[in-house]
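User: I'm new to this one and would like to learn how to read it. Can you walk me through it piece by piece?
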Amino acid sequence: MTTFSTLPQPPTRPGNGHLQDWALRPLPLIEDGARRARAAGSDLFRLRLGIPSVVGFSPAWNKRLLSDLDTFRSAGGFSAVVPYLAGGVILTDAPMHRRRRQTINPGFGKKHLETLRGRTQAALPPIPDGEFDALAWADGAVLQLLNAAYFGGEFDSRLLHSFLAPLRQPFPVPALPRPLLFVRVDAELRRLATRRLMAGGDDLLAVLAPIPGGLEEARVSLAAAHDTTTHALAYAVWHLATHPQWHAPAHHPAVLKETLRLHPPGWMGSRRLSREVDWNGVQLPRGTLALYAPYLSARDPHLWDASEQFRPERWENKPPAWAYLPFGGGERLCLGMHLAQMLILDVLAALPPLRAVRGDDSPVPGITLGPKGPLVVRRM
Ligand code: HEM
């Protein structure tokens, strides 16, 4: 009978378990773990990261982890150690989480986004004439689009850039405390919020400013928004440049779905168990770090035909339930899902026909998963 300690696991290294592989090459590590789990008839494997840890990838595991918020808590997950993400709704757990989301959801809902759309469309930077790196271009474009959506373009753009840049760096850079930078960002948020409280407005900050804790929600959600959206956009542009037959607005929603299936920026999500869990007869101890992996679930060869191939036509059919989670799921579904989709689809619609010149699109997992780059494209 399998127990926690006999769960399948990738080979360990003497002295540090899986820590070194987790830090340096996490994708091969988790792919190996998933292969071993499948071979053993399991949907869970163990990692030795200094605390009891498991990774699951089946739809049943995803559904349980994302639906049982009492047991699978966010506060002890990875976000807690990254100051950028350690706050607001991201670290709020049940039972307060639901009410918190109800308070902030309306600003990020489709209806309110329609009112922002003219402004974000006007903020799109021009598409360069010659060759350009789609990754670097997407980075700057998303910064401007978010500035437009959140602040009507009024946030000091150099400060916004300095604030978000460390998130892109490998560990431990994003986890380092940056008290002075955060003080400057909070002061800028307060300055802009005061204006909105006095004179009104309809950008995202105007919606968040009157809510207690709203400025923290603005800061935390901006951090959650930038790299995820940049990486998704850069990959989508690259896919369009390498598969130009898909470059038409009618195809873009399927292109974006397929991009997020193959390259989910949120490649791994984490929770902590508030109590012991019996998972198919295996007792997972209280305090276990419980991970779900949108990257593994969306490439599982048992769930997807030609799972490694870019095939937007697969989206004519429904995906397998709880296997496609680029925005997570359940009550903690990404707050910015509609915003990210609107921004990216509007950018794709504005792009001329492109062709890929050269690039390295291998996925590099950090806080978010993005292409190694550069991804050089040019107008056809
Ligand atoms: C393509 C772009 C994006 C992707 C792939 C993405 C992905 C995700 C994923 C996978 C989660 C769930 C994390 C978990 O279960 O642990 C999440 C949550 C979240 N995302 Fe996004 N995200 C994107 C864009 C955005 C944007 C634009 C915002 C701005 C509002 C945002 C804000 C958030 C927040 C605040 C949460 C936490 C929600 C909660 O815990 O209730 N994201 N996102």
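Analyst: Helices (H or I, at least four residues) and strands (E, at least two) are DSSP runs, numbered from the N terminus. This is a predicted model, where local features need pLDDT of at least 70, side-chain atom pairs count only at pLDDT 80 or more, and totals for chains, interfaces and linings use all residues. Residues are numbered from 1 along each chain as its sequence is written.

User: Okay, so which residue stands opposite aspartate 133 in S12?
Analyst: That's valine 376. Two bridges join S4 to strand S12 (residues 375–379), and the two run antiparallel. Three strands make up this open, antiparallel sheet, in the order S4-S12-S9. Strand S4 (132–133) and strand S9 (354–359) are at the edges with a single partner strand each, so one side of each has no neighbour in the sheet.

User: What packs on that sheet?
Analyst: For contact, look for C-beta atoms, placed from the backbone, within 7 Å. For angles, axes are lines fitted to C-alpha atoms, for helices over the stretch in contact, and values run from 0 to 180 degrees between N-to-C directions. Here H11 packs on the sheet, touching S9 and S12, and its direction makes about 110° with that of S9.

User: And in what order do the five strands of the other open sheet come?
Analyst: They go S1-S2-S8-S5-S3, with mixed pairing. Strand S1 (44–48) and strand S3 (72–73) stand at the edges, each having a single partner strand, so one side of each is left without a neighbour in the sheet. S3 is joined to strand S5 (residues 269–273) by two bridges, running antiparallel, and arginine 73 sits opposite arginine 272 in S5.

User: How do I read the packing of H8 and H9?
Analyst: Angles under 35 degrees count as roughly parallel, over 145 as roughly antiparallel, 65 to 115 as roughly perpendicular and the rest as oblique. Helix H8 (residues 157–164) and helix H9 (residues 179–199) pack at about 140°, axes 10 Å apart. That makes H8 oblique to H9. Leu159, Ser162 and Phe163 of H8 meet Leu181, Arg184, Val185 and Glu188 of H9.

User: Last one: which residues come nearest the ligand?
Analyst: A residue is near a molecule or strand if its C-beta atom, placed from the backbone, lies within 6 Å of it. Of the 22 residues around the ligand, Gly266, Gly269, Gly328, Cys334 and Gly336 come nearest. H11 gives the largest share of the shell, six residues.

Terms used: Pairing = 2+ DSSP bridges. Contact = placed C-beta atoms within 7 Å.
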